Amino acid sequence: MGKTIWHCHIAMSLDGKIARTDGSFDWLESYPPQEFGFDALMAGIDAILMGRDTYEVMRGFGEWPYGDKPTIVMTHRPLVDAPRAVETRSGDLAVVAAELESRGYRRVWVEGGAQVIRGMIVAGKLDVLEMAIVPIVLGDGIPLIAPGTPELKLTLKSCEPRSGGALHVVYEATR
């Protein structure tokens, strides 16, 4: 069994925000996710790890967008009418990551939000940071990197322009 790759694929504004203060991301509507490798990501992952707020945003779209892809939601509260493939966990992300690794998942999408991303960096479990960098300054909003996150050195693997002046950037952790 090979090493699990922990892959964060996310969009952010030029000022490092992943959502408005209320969690909305209407500012992304004119940037199709397919231009930023989203289809390849979905085809290559075995599971998804996300926080409760991210889960609630995704549930707000109606039909669950991830089908039967195993999804682990970090939360202390039970989920009401969760899709079949969704599980909940709480506590130390390093312990949760070890559990997912023991299941044999080769690539796990660390979808967000900022606290889950921070926790995975703390646990030494963020391997790839793939971003759509959108040319907008939101000012207020939820930052990609939560305060208190330890240093993580990254190596640029690719940077390509996309429509509307956006960039598709892929970094790998340097360890």
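Tutor: The largest nonpolar core of this predicted model has 26 residues. Those with the most contacts inside this core are W6, I10, L49, V110, I117 and M120. Several elements give two or more residues to the core: the strands β1 (5-13), β3 (47-51), β4 (71-74), β6 (107-112) and β7 (128-134), together with the helices α3 (93-102) and α4 (114-122). In soluble globular proteins, nonpolar side chains tend to be buried together.

Let us take I10 as an example. Leaving aside its neighbours within four places in sequence, I10 is in contact with I18, E111, I117, L129, E130, M131, A132 and L144.

We may now turn to the chain as a whole. The protein chain contains four helices and ten strands, and their order along the sequence is β-β-α-β-α-β-β-α-β-α-β-β-β-β. The radius of gyration is 15 Å, close to the 16 Å that the globule rule gives for 175 residues, so the chain is as compact as a globular protein of that length. Taken along the principal axes, the box filled by the C-alpha atoms is roughly 40 × 40 × 30 Å. Of the 175 residues, 45% count as buried. Among contacts with a separation of 6 or more, 67% are between residues 24 or more positions apart. The accessible surface comes to about 8900 Å², and carbon and sulfur atoms account for 54% of that surface.

T54 lies in helix α2 (residues 52-59). This residue counts as buried because its relative accessibility is 15%, and the cut-off for buried is under 20%. Beyond its neighbours within four places in sequence, T54 is in contact with E111, G112 and G113. E111 is also among the residues in contact with I10.

P161, by contrast, is found in strand β9 (residues 154-161). P161 counts as exposed because its relative accessibility is 63%, and exposed means over 50%. Leaving aside neighbours within four places in sequence, P161 is in contact with A166 and L167. From P161 to A94 the separation is 67 residues in sequence and 35 Å in space, C-alpha to C-alpha.

Note on methods
Residues are numbered from 1 along each chain as its sequence is written. This is a predicted model: local features need pLDDT of at least 70, side-chain atom pairs count only at pLDDT 80 or more; totals for chains, interfaces and linings use all residues. Side-chain values use heavy atoms; hydrogens and water are left out. The radius of gyration is taken over C-alpha atoms; the globule rule is 2.2 Å times the number of residues to the power 0.38. Buried means under 20% relative accessible area, exposed over 50%, partly exposed in between (1.4 Å probe, protein chains only). Contact means heavy atoms within 4.5 Å. Accessible areas come from the Shrake-Rupley method with a 1.4 Å probe; for residues, only the protein chains shown count as cover. A nonpolar core is a set of buried Ala, Val, Leu, Ile, Met, Phe, Trp, Tyr and Cys residues joined through side-chain atoms within 4.5 Å.
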